[in-house]
Amino acid sequence: MVVQHNMSAMNANRMLSGVSSAQSKSTEKLSSGYRINRAADDAAGLSISEKMRSQIRGLNQASTNAQDGISLIQTAEGALNEQHSILQRMRELSVQAANGTETNDDREAVQNEIEQLQSELTRISDTTEFNTMKLLDGSRSGSDVSVSVSKSAEGNLTTQDATTQKNTATITAAGNKTSTKLSVTTLDKNGNATTTEVELKIAADKVSYNGKELTATVTDGNATDAQTAAAFAEALSKTDLADKFDITNNGADLVFTAKEAGLSASVALTKQDAAAATATGLDTTGEDAYKKLSAGIGTYDGTGNIEDKIFTVNGEKFAYVTDPAKLGDDYKDVNYVVAADSNAIKTASSDMANLINAKTGINATANTTTGEISLKAGTTTTGNGITLQIGANEGQTMSFTLDDMSADALGVGGSSVNLSTQESAKTATTTIDAAIKKVSAARGKMGAVQNRLEHTISNLDTASENMQTAESRIRDTDMAEEMVNYSKNSILAQAGQSMLAQANQANQGVLTLLQ
């Protein structure tokens, strides 16, 4: 018998220590409800669980984002509902003014109401906001460039008028052929190609297309290049091309002039008979109207009214400054380029154009000789459309745009609706119909986006629920199973304590040997 080492007690103590640790962990799991409370509980499980939690919280926030998007659309659509009512009233007034029983004095009174309604249309467009963000002023159109300066600086902001696309194609004389064909390939502003083909029949001095005689003629069955071009121009004017172009000839050249100024369809290729297709000539490139900002806007040096130096492009504020510190805390949202003085703006204008491009996505270009900046729509997204984060991860977004709904943008501003005479009142009805159609289209687009967002919310909520279920299987405690473990460890702990007490008494027999 030994007294220095009581191995039975040591063994019982070791076993009791292990059981106590296991019992402590069971108690923690039962009290917290989590199987994993620290990385040591399940390192891999903890890592997977935390990634799932990131996705779950992201999905829940994305669902909230989509709901906010619906609220924004409902705000805009509510404003358009009132604009619809205004346009319907304007149409009612135009029909009234077109009636022969109305006098000019009557029509003048009607015109006064029209002007007030025009003003209200524009006011609704300019003031409809969601979370201080303007919705219907064109700044969220995704295609327009909205630029503004202070009233005293208006002279520094000018508008460059839109230009009209004009292409030419040289025609070869048909000579004494009895027929000749011409294929014309056009590109719309999105780059989509369409080909139109016409065939002329020539007999004696007559030319026909689709079995109908044209006014164009030839000389004794021998068509010159100018006569051929004139006949092709007349035939093409009877096709769908005439919806997009005014088609004429200038001698042997066919001239295609876009009906609408600005960026529009263009004629890219022509092919006559068996000859190879040739590119058309370009007289004028169709370009939308755009704003130009002169160097006269100046640079802010800490004196005077800073608002006169700030200009806004699609909701982003910009300014030239001599020292960024002079902006102060109140103008931290201003994007700036340093320019020591007004002369330095000329060279700094290139940096400003690059900054505008980066912040707004538009196509800003600078003339470093004059310091003038041209602010044009970009080739993709221009203006600040609405982009919603509808997923838990980067890139999971959806975008939509809200058009400019001012009276001018709808085509019913100013003199566009003139009810002063019976004839002008008749044409005004058609003009207002087009505006009603545009508002209807905008509301239809908003309704489609709202329906999509409702499906998005349903999908996000389902995904979040399923992800939460998966995370629960990894992280949560199975209470029934853990209670079994707890009961086992509790019994073992009590047994261990009893056996440790017995083992501690085992060496007491040594004392009898010492008596």
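Where is the place of Ser179?

Guide: Ser179 sits in strand 6, which covers residues 179-187. Strands (E, at least two residues) and helices (H or I, at least four) are DSSP runs, numbered from the N terminus. This is a predicted model: local features need pLDDT of at least 70, side-chain atom pairs count only at pLDDT 80 or more, and totals for chains, interfaces and linings use all residues. Residues are numbered from 1 along each chain as its sequence is written, and side-chain values use heavy atoms, with hydrogens and water left out.

Ser179 counts as partly exposed because its relative accessibility is 25%. The scale is set with a 1.4 Å probe on protein chains only: buried is under 20% relative accessible area, exposed is over 50%, partly exposed is in between. Setting aside neighbours within four places in sequence, Ser179 is in contact (heavy atoms within 4.5 Å) with Glu199, Leu200 and Lys201.

Now the domains. Their bounds come from an automatic or database domain assignment. Domain 1 is 7-33 + 479-513, domain 2 is 54-134 + 391-464, domain 3 is 164-284 and domain 4 is 290-376. Over C-alpha atoms, the centres of domain 1 and domain 4 are 77 Å apart.

Next, a loop residue. Ala204 lies between strand 7 (193-203) and strand 8 (206-209). Its phi is positive, about 55°, although Ala204 is not a glycine. Most residues other than glycine have a negative phi. Ala204 counts as exposed because its relative accessibility is 52%. Asn131 also has a positive phi, near 55°. It belongs to the loop between strand 1 (129-130) and strand 2 (133-134). Asn131 is exposed, at 66% relative accessible area.

On to open space. The second largest pocket holds about 170 Å³. A pocket is found on a 1 Å grid over the protein atoms alone: it is an open set of points with protein on both sides within 12 Å along at least five of seven lines, whereas a cavity is a set where a 1.4 Å probe fits but cannot get out. Lining residues have an atom within 4 Å of a point. Points are joined across faces, edges and corners, and a volume is the space filled by probe spheres set on them. Of the 15 lining residues, Thr170, Thr172, Lys271, Gln272 and Ala275 are closest to the centre of this pocket. Strand 12 (residues 266-272) gives the most to the lining, with 3 residues.

Then the packing. In the largest nonpolar core, Leu87, Met90 and Val412 touch the most other members of the 43. Such a core is a set of buried Ala, Val, Leu, Ile, Met, Phe, Trp, Tyr and Cys residues joined through side-chain atoms within 4.5 Å. Helix 2 supplies the largest share of this core, 12 residues. A second, separate core has 28 residues, among them Ala174, Leu182, Ala216 and Leu241.

Last, Asn489. This residue is in helix 7, residues 479-506. Asn489 and Ser20 are 469 residues apart in sequence, yet 7.4 Å apart in space, C-alpha to C-alpha. Beyond its neighbours within four places, Asn489 contacts Val19, Ala22, Gln23 and Ser26.
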